[in-house]
Amino acid sequence: HDVYNMMNCEVLATCSALGYLEGETYHKEADCLESVKDLIRYLRHEDDARDIRQQLGAGHILQNDLLPIISQHGGDKPLFDACIRLMVNLTQPALLCFGKVPDDPALRHHFLQVTSYLQAYKEAFASEKVFGVLSETLYNLLQLDWEQRQEEDNLLVERILLLVRNVLHVPADPYEEKNVDDDASVHDKLLWAVHMSGFDDLVKFLASAQSEQQWCMHVLEVVSLLFRDQTPEALVSAGHARSTQEKSRDLTELEVLRQKEQAEKRSRTLQRGTRHSRFGGTYVVAGLKAVGNEDVVYHRGIHNFKNYSHDAGKAVRRVHKRHRRARDSEGQRRSALNVRLFLREFCVDFLENCYNHLMYLVKEGLIREQAQQHDETYFLWALSFFMAFNRGNGFRADLVSETMSIRAFHFIERNITNYYEMMLTDRKEATSWSRRMHLALKAYQELLLTVNEMDRSRDDTIRQSSNVIKSNIFYMMEYREIFLTLLRKYDETKQPQSFLRDLVESTHLFLRMLERFCKGRNNLMVQRRNRPQKKSTPETDPEVLEETWKIVSEELRLSAGVTEAVVPFDAASEVSLEDQRSQTVVRVQDALMARLGPEALGLLRAARSVWPEGDVFGPADVEPEDELELLKQILHATLPRESLDEDGPEYEEEELESVQVSETDFNFLDFIKRFAQPAIVRPYVLLLKTYSTNSPHTNHCIARMLHRLAVDLKMDALLYQLSVFSAFNRILSDPAAAAYKELGTFAKFVVSRFLVVAARNDKAFIELLFWKNVGTVHEMTEGYGKEGGGSKTKVAWTEEEEEELRSLFLEQRDSEGAGSLQLQCYGVLVVGTGIVLWTEQQEDELEMLYEEFKDSDDVLGNMLRKTTAKRSRARVVDKLLSMGLVSERRQLYKKRSGGSGEDFLADLTGEGADEDQEEEEEGSSESDEETFEERRERVSSSDGGARRRTQEPGVGRGPDVGPMLHSLKQEGEAPQLNLNQTFSFLRLSQPVPLVPLSEDNEDAMEKRSFKKLLRKLGLRGPANEQETFWRIPERLSPAQLRGAAAALTPGEELPVGASSHEQRSEAIRALLLARKRKPPPKETDGRFKPLSCGSLVNPVQSNPSHVVFSCSRRSKQEKPSVKRRRVLDDEDEDEDEDEDMGMFTYCCDLH
């Protein structure tokens, strides 16, 4: 009555209208059918707590009403169909009702309540009478031909199968069913009712009939649930006497238990003291410190001291839920004998008549994606279960031929990969994905075991088929490397120990088969993966370029047409127009390098039509000869390929490119070497810790793999780890150590080898705290710092070598050419090493400056002006990338509008780099870190070559400023200096400023080309707001200043080898010829008049304070002023002489 008081009034009235049970007879009411339909409608509108379902379960509606109705009133077809519909709804799994196991305590209570009602339903269905009615109804429906069968009949067949599936799926109640093995559980009673009613025969008919293919997935689900909690080995041995192997295994287990029991008895005997317990004594443990830094006082019997620990009595530290080990699923149990015999007969019939046909249908449905989500798990279970039963029950290869193929290996390998990826992405359902992954691994293991069993067959055809399958799985790298991947990615928090056990056994089986397969062959060809390599930089050797240009030019002159179908522009691309234009120039150069002249010319013309502005790719009416000249310039230009390869479409193509494979000879020992890594050894050690609960075969697999690493590869130092030695200690001190003889022998071998290493390496005991890779293993055994260990660490310098290097540096520091000396002293920071350390304050300042200027047009330039610790642009950019403030270099580029074609080509070839650098680093002090000599060396090395310049002592050679002088001459600005006398004696002790004397001088200092020239000479701009003038750095030696003077003096000395470009060389030769033909300027002309500063200064009397810089127009002869003043020219003279600049003079005011 209390239950009915809790029920909803409408639900109670509906249930009362069904009928009533009187003894064994059920009397239905007149509106019974409508009441059943009302209950179905109520279930459709229940709330999240599933209140209607709980009320019907509490009222025992299924046990007291629905089952009697279908048993006694099965002739009423509409009522029977409605009752089946309602029972299918009531018996659906609780997980399906709630979606998942609820986290909310209230909802979890409702979830457990629904599960308890389902368990009551399962017990009610364990009746031969109920299954007899279902079997009879299903049999009558299957007797109808497909022409006579109506849609309602097909629905009823499907609902009966679903009802049986739901009832079999209900989990057992562990608190109610505490049965031992061989005792009948509720599930066993249900199976027996299925068998006695003949429903199992109908299931086999549905699995084998050609006309009932649409029920294949339902049949497979029912079969998998029939064999829940069963193992193939238990079913194979059912009804047979125990074999000799089983008897010996049982004797071994009993012996282990007996030895442990005897050891415990001896231990208890030793713990009993001869005196009374109150006189146990008090002891002081010498050498073992307590909390107060005093020796520990022990108040118990001395025979218990070996179990003493500081952690005794402490609260166990709680492990976070995310870090707990994954728990294994419920263990297997042995059913009653009559149930096992029935299931055994079912397996035999199923293999002979149904397995191949049903597995083919299910596999096709999975491949065509006609099944529901996760239905492949039933396929994986059936494959592993029935193939294992076939191996144990007199192996016949023809019974499992459908799943014994390379397609099956591929299908399982693909599912394992998919499950692992989903386990990483779907973190909330990681446990479910791990279980599915375990099923797939079991199926893969069973395939390998079946292939191994085929090798032992007496039939030559079967052995030949086995060799074909092994050749394929050993050849393909996916099947070979799957165990390496699974071991390396094993996560004990998501994958249970049973998964690791099966993985270790499968790896052992695979390696044993592979080793046996390789022994009979001299060479075995297998696939290997080729990593896509980055495109190499094209050859820039001048001779090669000349040879290429000759071939391309001849081809272009002889060819009739060009490649027309070339598209240089992609409107849908995310790359900007400027970047696409730059990439097009690179593509033209690549085509020329590949000697594809017509394609390069076609691309050039197509680009000219897309980007006509600025005549970057030539004017529209360009002549053929000019086109060839433009192609020649592009071929010889040095283009910035690194940035394009890094950020451009070529990088995307490399990412999307499929994995390339090739064939190579297989070496089994090299393959084993891939297991010699801590990520793979650690799972083996984790399983070794549970040696007492492992099967003997599992312990053998562990010992064999560790033996391969320690003995075959001679890498026993991989096992020199504290957790490994702790496991060895437990094995050797185990009372039943005789049962683990193999592990004990191996443990003694590893420990003895460690003691040998520890005798000659005093750091061996410290190394026990860490896992070691191959390089560390070599260093630990052979000596630290020895070659061949694979370690990338540099050898430390000795104190004597450091002192010698430091003294050499101090001696050579003041001599000429000391700037190229690079020191790499241990613990000493020396300028020139290329290593710049950043302090925490500097990093904070850099981050603050980036946040301040990240939205400005010149982010990097503004940051360099404001930063206190002056660094080069490259150092700052690298630091910003390493700190994660920017993701790519282009974010730091100065924002600018599209320039002219000449500026664009100058930027591409690197000639405009100094202009941008000058513009962006006007306030920076980059010249403090890189002089023009260093820059010349960097440019010459990047231009290709390992070209070395020799110069006599005391003779400096300046940078290559020939092209700049040529351009300045054409603009009317040509400097001509005579600095040899001025700076031949001079060694600067501080930076010397350059002071402009006139308004023209200031105008010249504002010109972009002139500042480019000054920077090329090694001069630096104002470092901060406190400085106004450009300065000569103090590190410039007299030889370097003479080199600068020689570079600026036309006719005396010309720059040598600074550029390898042909057009630059031609320009210099043309300039030389012009100067040779032109007579030297007269004294009165004043345009290129050299000014000697030797008459203005007295080097003996004073030191340099500042340099006065003068730039005069071509007019009357003027005398430069020694004082710092501004010369105001006459306005008429300015108008007449506004065309070009005159001479540049440097004067030193000495005081």
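## Aromatic pairs, a helix face and a surface patch

Phe-510 has a relative accessible area of 1%, so it is buried (under 20%, against over 50% for exposed and partly exposed in between, with a 1.4 Å probe and protein chains only). This is a predicted model, where local features need pLDDT of at least 70 and side-chain atom pairs count only at pLDDT 80 or more, while totals for chains, interfaces and linings use all residues. Residues are numbered from 1 along each chain as its sequence is written, and side-chain values use heavy atoms, with hydrogens and water left out.

**Aromatic pairs**

- Phe-483, at 2% relative accessible area, is buried.
- Phe-483 belongs to helix H22 (residues 477–488) and Phe-510 to helix H23 (residues 497–519), so their pair ties together parts that are 27 residues apart in sequence; helices here are DSSP runs of H or I with at least four residues, numbered from the N terminus.
- The structure holds 30 aromatic pairs.
- Tyr-419 and Trp-433 make another tilted pair, 6.0 Å centre to centre with 40 degrees between the planes.
- Because Tyr-419 lies in helix H19 (residues 406–425) and Trp-433 in helix H20 (residues 430–455), this pair ties together parts that are 14 residues apart in sequence.
- Tyr-419 is buried at 0% relative accessibility, and Trp-433 is buried at 8%.
- Ring pairs also join Phe-227, Phe-346, Phe-350, Tyr-355, Trp-381, Phe-385 and Phe-386 into a cluster.

**Charges over rings**

- Arg-521 lies over the face of Phe-517, at 3.7 Å from the ring centre; the criterion is NZ of Lys or CZ of Arg within 6 Å of the centre and within 35 degrees of the ring normal.
- The charged end of Arg-50 sits over the ring of Phe-98, 5.5 Å from its centre.

**Helix H40**

- Helix H40 (residues 873–882) has Arg-873, Val-876, Val-877, Lys-879 and Leu-880 as its buried residues.
- Those buried residues fall within an arc of 165 degrees when seen down the axis of H40, so they line one face of the helix; the arc is taken from the directions from the helix axis to the C-beta atoms.
- Gly-884, with a positive phi near 80 degrees, follows H40.

**Around Leu-769**

- Leu-769 is exposed, at 52% relative accessibility.
- The loop between helix H35 (764–767) and helix H36 (774–782) contains Leu-769.

Terms used
Helices (H or I, at least four residues) and strands (E, at least two) are DSSP runs, numbered from the N terminus. Rings of Phe, Tyr and Trp (its six-membered ring) pair if their centres lie within 6.5 Å; planes under 30 degrees apart count as stacked, over 60 as edge-to-face and the rest as tilted.
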